[in-house]
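Here is a short walk through a protein model. Keep the structure open and follow along from the overall fold to single residues.

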Amino acid sequence: MTLEADVVPTAPGRPPARVPRYGMRGTVIVALALSAVYMVGQILFWAAPELPSQTSWLKFFLLPEPTPFQVTRVLLLVGWGVAALLGLGLLLTGRSATLAGPGGPGVHPRSVRALRACQFGILGALLLPFTVMPLATMGANPLQLLLCLPPTLAALFLVHRVQLYRRMPGWLLLTGFGWGALVGGGFGIVMITWFQRSLPGYFLSRYWERPRDSVRELYVLFPLDAALVTELGKAAGVAVLFLIFRRHIDGVISGVVLGAAVGLGFNLTETVHYLGFVNPEHHFTQFWDRQVVGLMAAHVAFTALAGAGIGAARWLPTRRDRWLVVGGGFLGAVGAHFLTDVMLILLDNRRADWYANETLGLLVGIPVMTLISSGVFVALYVLILRHGLKAQAAGLGEALRAEAVAGHGAVTEPEIGLLLSPRRRLLLEVRVWRRDGTAGLRHLQRFQQAQLDLAVQRWHRRRPGADSIIPPEERLRSRVLELKGNSTPPETSPLPTREELS
């Protein structure tokens with residue numbers, strides 16, 4: 001696990017220190033942006049007019065604040081204070097770090113550790129308060145959480161496997177899933193709670209003058225608000241992981257996969273949240289809709305689009321193009337979310353008319369509604385993923401052939417076809433697992449991923465957007481040769497031939 005960093009010269013006799021570069025600064029800016037959006041929601045709540053009526057349906061907007069929401073408000077204020085103090089320390093430590101250079105006094109490793117501790121401390125102070133509401137929701141509904149975990153984890157495994165060639169580390173995918181479940185989910189719930197309590201005051205205060213217009217405005221603004229704040233919280237997670245672990249980001253494929261993992265985490269939190277307060281008679285409907293039919297649609301599709309934009313920015317040479325593609329992906333995610341919510345509201349009102357039988361409406365009507373509302377966005381991220389895999393396969397083929405011609409021994413000509421065929425690699429994994437067990441399978445996977453990593457980084461080094469984050473080939477090649485040098489036990493049979501795997 002490596003952070004994007006600058007190598008800073010230190011005092012004589014000390015090894016060079018690595019100071020986190022703009023990647024960590026970017027994550028702090030993202031965290032500050034989430035806090036700023038939260039402050040906008042609180043200001044809108046303070047400035048909202050009082051509701052003029054206390055009728056039963058208007059009292060829905062005047063429910064008391066949940067205790068986890070109150071705790072979040074207090075912790076955010078404390079976190080802002082802690083972040084301000086750490087920011088001051090960061091400025092003081094950063095000044096000493098910038099003094100390093102040829103002939104300069106150098107940076108003591110303690111200063112580097114203090115710099116990194118301040119940065120992570122600021123991130124924790126700004127982001128951890130948002131995890132209170134998801135943790136409270138999951139703690140209060142353990143059975144619902146256990147019910148939703150198996151399909152969610154199965155979908156996460158599928159998302160990991162769609163990386164047919166070089167795969168991101170599993171811990172990175174789990175980190176994205178955790179962001180979606182805790183930080184993204186908490187930010188979305190908190191912001192929706194704010195706007196649910198403030199927006200009616202702006203529109204329902206005119207209810208008795210223009211009742212139809214006021215209700216229509218609310219029906220439009222609630223889905224729009226939900227789409228905007230939830231996609232912002234999820235896209236922020238993809239951006240943070242991109243900035244910190246940029247070395248593992250290949251491009252569009254990595255962005256789509258990270259976005260899907262974040263979306264799965266958010267969907268888990270949202271499902272448990274809804275199951276916690278809806279009537280138990282509707283639990284099966286919610287589970288069928290969110291954890292079966294719409295599991296790989298809805299939030300997974302929306303955040304995959306935002307992630308595709310962030311991943312595509314990895315290799316764009318100009319800043320303007322990078323901002324355009326990131327903004328386009330985010331706007332696509334917000335638009336897809338808003339359109340899906342509006343369509344589902346309209347279609348759900350007609351589902352009873354279309355299907356006289358309630359069971360038929362549940363088992364058939366919900367899949368049809370999901371297909372109509374978000375099917376096009378699922379198809380879009382699948383097409384983006386397919387295009388990215390084709391481009392990656394072409395680049396890998398060139399890099400593997402170049403490595404084989406170089407004659408270093410890390411990749412040989414017969415291995416190229418196997419590495420470029422996901423089907424043959426899967427069959428080989430099955431054969432090795434049956435022959436050598438889990439240990440042999442893990443060794444084979446590490447070896448082939450090291451070969452693919454070498455080829456991917458060799459391919460990336462020739463691209464227009466190549467930067468210092470790409471690790472040196474010598475280190476990657478040494479890793480491959482080290483794994484290749486670990487011979488198998490003498491009693492094992494040789495690996496199957498190409499004809500046996502085709």
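**From fold to residue**

Take the contacts between residues at least 6 apart in sequence: in this protein, 78% of them join residues at least 24 apart. The model is a predicted one. The protein has 16 helices and two strands. Of its 502 residues, 49% count as buried.

How far does the prediction trust itself? The average pLDDT of the protein is 82. A score of at least 70 is reached by 81% of the residues. Over residues 487–496, pLDDT stays under 50. The model has 10 contacts beyond four places in sequence for that stretch. Over residues 498–502, pLDDT again stays under 50. Here the model has nine contacts beyond four places in sequence.

Now turn to helix 8, which covers residues 252–277. It has 26 residues. From first C-alpha to last, helix 8 reaches 38 Å, close to the 38 Å expected at 1.5 Å a residue. Is this helix mostly covered or mostly open? It is mostly covered, with 21 of its 26 residues buried.

Next comes a helix pair. Two packed helices are described by the angle between their axes and the distance between the axes. Helix 10 spans residues 299–312, and helix 12 spans residues 358–406. They pack at an angle of about 40°, and their axes are 9 Å apart. That angle makes helix 10 oblique to helix 12, because angles under 35 degrees would count as roughly parallel and those from 65 to 115 as roughly perpendicular. The crossing of the two helices is left-handed. On the helix 10 side, the contact is made by Val-300, Ala-301, Ala-304, Leu-305 and Ala-308. Helix 12 contributes Phe-377, Val-378, Leu-380, Tyr-381 and Ile-384.

Stay on helix 12 and move to Ala-393, which lies in it. Which residues does Ala-393 touch, not counting those up to four places away in sequence? They are Tyr-165 and Leu-420. Look also at Leu-164. Ala-393 and Leu-164 are 229 residues apart in sequence, yet their C-alpha atoms are 9.1 Å apart in space.

Finish at Thr-193, in helix 6 (residues 170–203). Is Thr-193 buried or exposed? Its relative accessible area is 11%, so Thr-193 is buried; the cut-off for buried is under 20%. Leave aside neighbours within four places in sequence, and Thr-193 is in contact with Phe-69 and Met-133.

How values were computed
Residues are numbered from 1 along each chain as its sequence is written. This is a predicted model: local features need pLDDT of at least 70, side-chain atom pairs count only at pLDDT 80 or more; totals for chains, interfaces and linings use all residues. Side-chain values use heavy atoms; hydrogens and water are left out. pLDDT is the predictor's confidence in each residue, from 0 to 100. Contact means heavy atoms within 4.5 Å. Helices (H or I, at least four residues) and strands (E, at least two) are DSSP runs, numbered from the N terminus. The expected span of a helix is 1.5 Å times one less than its number of residues. Buried means under 20% relative accessible area, exposed over 50%, partly exposed in between (1.4 Å probe, protein chains only). Axes are lines fitted to C-alpha atoms, for helices over the stretch in contact, and angles run from 0 to 180 degrees between N-to-C directions. Angles under 35 degrees count as roughly parallel, over 145 as roughly antiparallel, 65 to 115 as roughly perpendicular and the rest as oblique. A crossing is left-handed if the near helix is turned anticlockwise from the far one by less than a right angle, and right-handed if clockwise.
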